[in-house]
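Work through the exercises below with the sequence and the model at hand. Each task is followed by its solution.

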Amino acid sequence: MALVDYATSAGVALLTLNDPPVNGYTHEMMKDLDAAILEARFDNDVHVIVITGHGEKFFCAGANINMLRESDPTFKYYFCLHANETLSRLEHTPKLCIAALNGHTVGGGLEIAMACDLRIARKGAGKVGLPEVTLGVLPGTGGTQRLARLIGKSRAIQLMCEGQTFDFETALAVGLVNDVWETASHDEFMDRILAYSHTFTLPDRAALAVGRIKRAVQTGFEVGLEQGLALERELQAELFASEDAREGLAAYMEKRKPVFQGK
């Protein structure tokens with residue numbers, strides 16, 4: 001059975017981490033996630049990727065501890081390397097990625113969420129944090145790097161060294177999540193997530209522009225300002241040559257709503 005469920009609907013690919021009860025990831029799950037990311041990347045009808053966890057209690061509790069305890073150091077190294085490559089592939093895909101935090105999001109689960117562009121949590125659904133220090137290790141799937149970029153070096157060091165977990169409201173206050181939604185049920189939360197995701201799809205939103213905004217920020221943030229500006233110019237030139245840009249400019253002049261085609 002696949003450990004990552006894959007489904008599409010009207011321009012949105014929904015990837016569900018599915019290994020109850022805690023959706024902890026093994027190398028097998030990470031391979032399934034990698035394959036799902038590539039499938040969504042190559043699907044021209046997909047414009048937004050949503051990642052969530054199976055059930056109502058856990059988004060993901062991180063790497064499977066039994067797997068790590070029983071494997072040798074060489075396996076652990078390559079496991080971390082592949083996990084890093086998978087999350088970087090997600091980050092590099094020029095399509096908006098939203099993490100729907102439906103439950104506890106800790107350790108490697110938070111590292112998966114941080115590789116997404118937006119993180120939206122269900123109020124009261126669980127805790128969030130990077131407690132790897134309590135196991136004598138560090139967050140090794142991009143956690144030390146992405147957390148510092150999201151909330152600043154000093155706060156990131158504090159949270160990781162203390163190993164604390166905290167509620168989604170605190171995560172919102174420190175800038176770790178983008179929004180916290182109060183919903184009556186898990187199903188209502190997911191319906192709202194999918195409805196929000198569809199606002200970034202065709203024909204109402206220029207999905208090409210959304211994807212290239214993501215690429216400009218994700219890559220530009222990691223290089224110097226001049227290199228980032230050069231990348232921005234190249235992406236803008238690509239968009240100016242698109243049919244969507246011509247449609248957007250024409251609709252503005254004609255005072256009508258644009259109809260984008262992703263071309």
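A residue counts as buried under 20% relative accessible area, as exposed over 50%, and as partly exposed in between. The model is predicted.

**Exercise 1.** Classify Trp 181 as buried, partly exposed or exposed, and do likewise for Tyr 196.

Solution. Step one: the relative accessibility of Trp 181 is 7%, so Trp 181 counts as buried. Step two: Tyr 196 has 28% relative accessibility and therefore counts as partly exposed.

**Exercise 2.** How many aromatic pairs does a search of the whole structure find? Characterise the one formed by Tyr 25 and Phe 79.

Solution. Step one: the search finds six aromatic pairs. Step two: Tyr 25 and Phe 79 form a tilted pair, at 5.9 Å centre to centre and with 35 degrees between the planes. Step three: this pair links distant parts of the chain, with Tyr 25 in the loop between β2 and α1 and Phe 79 in helix α3 (residues 73–92), 54 residues apart. Step four: at 1% relative accessibility Tyr 25 is buried, and Phe 79 is buried at 4%.

**Exercise 3.** Which residues touch the most other members of the largest nonpolar core?

Solution. Step one: the core has 47 residues, and those with the most contacts to other members are Leu 15, Leu 17, Leu 33, Ile 51, Phe 59, Ile 112 and Leu 176. Step two: helix α1 (residues 27–42) gives the most to this core, with six residues. Step three: apart from this core lies another, of 14 residues, including Val 48, Val 50, Met 190 and Val 210.

**Exercise 4.** Determine how strands β1 and β2 are joined.

Solution. Step one: β1 (residues 4–9) and β2 (residues 12–17) run antiparallel and are joined by six bridges. Step two: Ala 7 has Leu 14 in β2 as its bridge partner. Step three: the two strands form a hairpin with two residues between them, and Ala 10 in the turn has a positive phi of about 50 degrees.

Note on methods. Residues numbered from 1 in each chain as written. Predicted model: local features only at pLDDT ≥ 70, side-chain atom pairs only at ≥ 80, totals over all residues. Heavy atoms only, no water. Pairing = 2+ DSSP bridges. Helix = DSSP H or I, 4+ residues; strand = E, 2+ residues; numbered from the N terminus. Core = buried A, V, L, I, M, F, W, Y, C linked by side-chain atoms within 4.5 Å. Buried < 20%, exposed > 50% of the residue type's maximum accessible area, 1.4 Å probe, protein only. Phe/Tyr/Trp six-rings, centres within 6.5 Å; stacked < 30°, edge-to-face > 60°.
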